[in-house]
Structure formats: structure tokens, C-alpha cells
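Welcome, and please open the structure in your viewer. Keep the selection tool ready, and take the stops one at a time.

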Amino acid sequence: MAQHFSLAACDVVGFDLDHTLCRYNLPESALLIYNSFAQFLVKEKGYDKELLTVTPEDWDFCCKGLALDLEDGNFIKLADNGTVLRASHGTKMMPPEALAAAYGRKEWKHFMSDTGMACRSGKYYFYDNYFDLPGALLCARVVDSLTKQNNGQKTFDFWKDIVAGIQHNYKMSTCPTHTPRERDD
């Protein structure tokens, strides 16, 4: 049975970049996004096959507003004053004493008091929307894998592979349902 949609039933109407009005199924789209990037990293870049298995509990890691420190492999959640509320190394939450040693009670180094936000930098990435959250989980799991493989050594040079995955996955030729349009002339 078809469901009926009425704009009168909406509190807010938003448009995607291509001005598409739609309702996203976030759990399904998150899994599709995660799987497409994980498959790229495993098949094309040689990452651990454990990345291909994600459990429902793994998604508890995700929340909007996380920042990934690309140098340390730490994910942080900031307070509105720029101090670090909590942090994890990969998916492993930092205990209070490690959090205090790493960040103290001062502003995070990339936070700008005058604007109330972090300055843009190539040293971190903010996960601030629902489409980025699967990437946060994947990157956290990559950090876990690299930490395990390197016996805790600080080697987190994976961001170039994430960017390559983005470039790969957003090519129209990658989409299995894409067919070139035929001209009518």
C-alpha cells in the first residue's frame, strides 16, 4: 500500500545540494555509506578485512560534532567553550586521567574563542552531519586496526586513503545502476 506524503505535515522542509526533497532512511544509508568505503579500503588499499564487519553496537560510537585529530588518531567532543568533554583513541574511550593528560582543562589547540568554533585545518576533520557519521566510525576502526598492527606506535597516515575512497565512491562510473543518458536527437 502506498504511503501518502503531504508538505502540510512537515515542520521543516530542506533541500539537498541537488534540490531533492526526500526523507532519508538513516540506518540503511549509513550502512551503505560505511560498506562502500570499507570495501574500497580493504580491496583497493589493503586494509584489514575486519573493517567489513560492523555490528549494531558499533554504531553507538557515532554522534554529530566529533572531531578527528589526524595526527593522534583521537576523536574528541568539544564543549561550547572549546574544552574537550570526552575523547577516544579510535573507538576506545580515553579514561579520565588520560583525557586530562592529553587535553587538560584548556581550549583545544584548534579552537578559536572569538568565533566559538574550530578553525579549519588539515590536521583534523569535523563530523558534523549524518552523511559523515559512517566515515567517523570507519576512521575510528581504521585507527583501532593501525594501533593494533603497529603495537601502539603513532602511525596514522590513512587520511589520503579516505580521500581516495571519497573520490572513488562519488564517481558516476562507480554506481552500478548508472547508465549514460541517451540523446533524443
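The tour below moves from a surface patch to some aromatic rings and ends at a proline.

Before you start, note that this is a predicted model, where local features need pLDDT of at least 70, side-chain atom pairs count only at pLDDT 80 or more, and totals for chains, interfaces and linings use all residues. Residues are numbered from 1 along each chain as its sequence is written, and side-chain values use heavy atoms, with hydrogens and water left out.

**Stop 1: a surface patch**

Select Tyr24, Leu26, Tyr130 and Phe131, which make a nonpolar surface patch of about 380 Å². Areas come from the Shrake-Rupley method with a 1.4 Å probe, and for residues only the protein chains shown count as cover.

Now pick Leu26, which is found in helix H1 (residues 26-45). Helices (H or I, at least four residues) and strands (E, at least two) are DSSP runs, numbered from the N terminus. Leu26 counts as partly exposed because its relative accessibility is 34%; buried means under 20%, exposed over 50%, and partly exposed in between.

**Stop 2: aromatic rings**

How many aromatic pairs does the structure hold? There are eight aromatic pairs. One of them is Trp108 with Phe126, edge-to-face at 6.5 Å centre to centre and 85° between the planes. Rings of Phe, Tyr and Trp (its six-membered ring) pair if their centres lie within 6.5 Å; planes under 30 degrees apart are stacked, over 60 edge-to-face, and the rest tilted.

Trp108 is buried, at 3% relative accessible area, and Phe126 is buried too, at 17%. Next, show Tyr124, whose ring centre is 5.5 Å from that of Phe126.

**Stop 3: a proline**

Finally, select Pro56, in the loop between H1 and strand E1 (66-69). Pro56 counts as exposed, at 63% relative accessibility.

Conventions. Patch = residues over 30% accessible without salt bridge, like charges linked within 9 Å, V, L, I, M, F, W, Y side chains within 5 Å. Salt bridge = Lys/Arg side-chain N within 4 Å of Asp/Glu carboxyl O. Buried < 20%, exposed > 50% of the residue type's maximum accessible area, 1.4 Å probe, protein only.
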